[in-house]
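Hi,

My notes follow below it.

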Amino acid sequence: MSAAAPKPTESSSLEPSCRDTAAHALSIVRDGVITGEGPTTKGRVHFSRSLDADDAAWCMRILTATAVNDQPVSRAEAEVLFEINEAATERTDGGRFDDLLAKAVAHYAASASGLKVPPRSVALSADTEIESWAPSYASKVNSEMLEWIARQMRGKRQSNRRLMAMVATFLGATALPLAGQLPNVFDIGM
């Protein structure tokens with residue numbers, strides 16, 4: 001990760017103390033992606049509507065901050081990640097954000113379904129395969145969570161193959177009634 005450590009004046013709004021402030025800090029990253037300006041873009045060239053490795057690193061740093069690491073990803077955090085995904089029309093992060101989005105959404109969906117999830121630093125790590133912790137939850141994910149994910153993805157410009165594969169795994173095991181809706185939700189060649 002090539003992002004420089006945040007300066008003390010910047011870190012106060014970007015260092016979460018709870019899941020609500022983490023969602024707010026992610027919205028600052030989103031705004032930087034949209035405008036190419038702000039505390040997450042200082043000291044580097046950043047074009048509007050682009051997402052680079054530093055943006056993905058900011059998201060990871062926020063999502064795994066000490067204050068929130070042992071809590072499940074919240075719906076608000078996941079929604080801002082979807083907003084970042086949609087805002088970034090150009091990507092130069094090597095797929096790191098897509099991986100992070102899929103893992104964060106799986107973390108939220110599993111925990112909101114009443115399942116135990118690993119700490120964020122483990123679950124969201126680039127070194128951790130989502131299959132190492134998410135598949136055991138696939139048969140237990142609440143169909144409401146799957147519907148929420150489908151609504152978040154419906155009609156978006158940016159598709160996330162990693163997230164679609166994760167949802168397809170969940171659907172195969174838990175939500176056969178939703179299968180008829182898949183062609184309207186995802187363009188996965190069904």
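Among contacts (heavy atoms within 4.5 Å) in the protein between residues at least 6 apart in sequence, 71% join residues at least 24 apart. Please bear in mind that this is a predicted model, where local features need pLDDT of at least 70 and side-chain atom pairs count only at pLDDT 80 or more, while totals for chains, interfaces and linings use all residues. Residues are numbered from 1 along each chain as its sequence is written, and side-chain values use heavy atoms, with hydrogens and water left out.

The overall picture: the protein has nine helices and two strands, taken as DSSP runs (helices H or I, at least four residues; strands E, at least two) and numbered from the N terminus. Along the sequence they follow the pattern α-α-β-α-α-β-α-α-α-α-α. Of the 190 residues, 51% are buried (under 20% relative accessible area with a 1.4 Å probe, protein chains only; exposed is over 50%, partly exposed in between).

Now to helix α2, residues 19-35. Buried residues in α2 include Ala-22, Leu-26, Val-29, Arg-30 and Val-33. After α2 comes Gly-36, with a positive phi near 80°.

Have a look at Arg-49 too, which lies in the loop between α2 and β1 (50-52). Arg-49 is not a glycine, yet its phi is positive, at about 65°. Its relative accessible area is 35%, so Arg-49 is partly exposed.

Best wishes

Terms used:
The expected span of a helix is 1.5 Å times one less than its number of residues.
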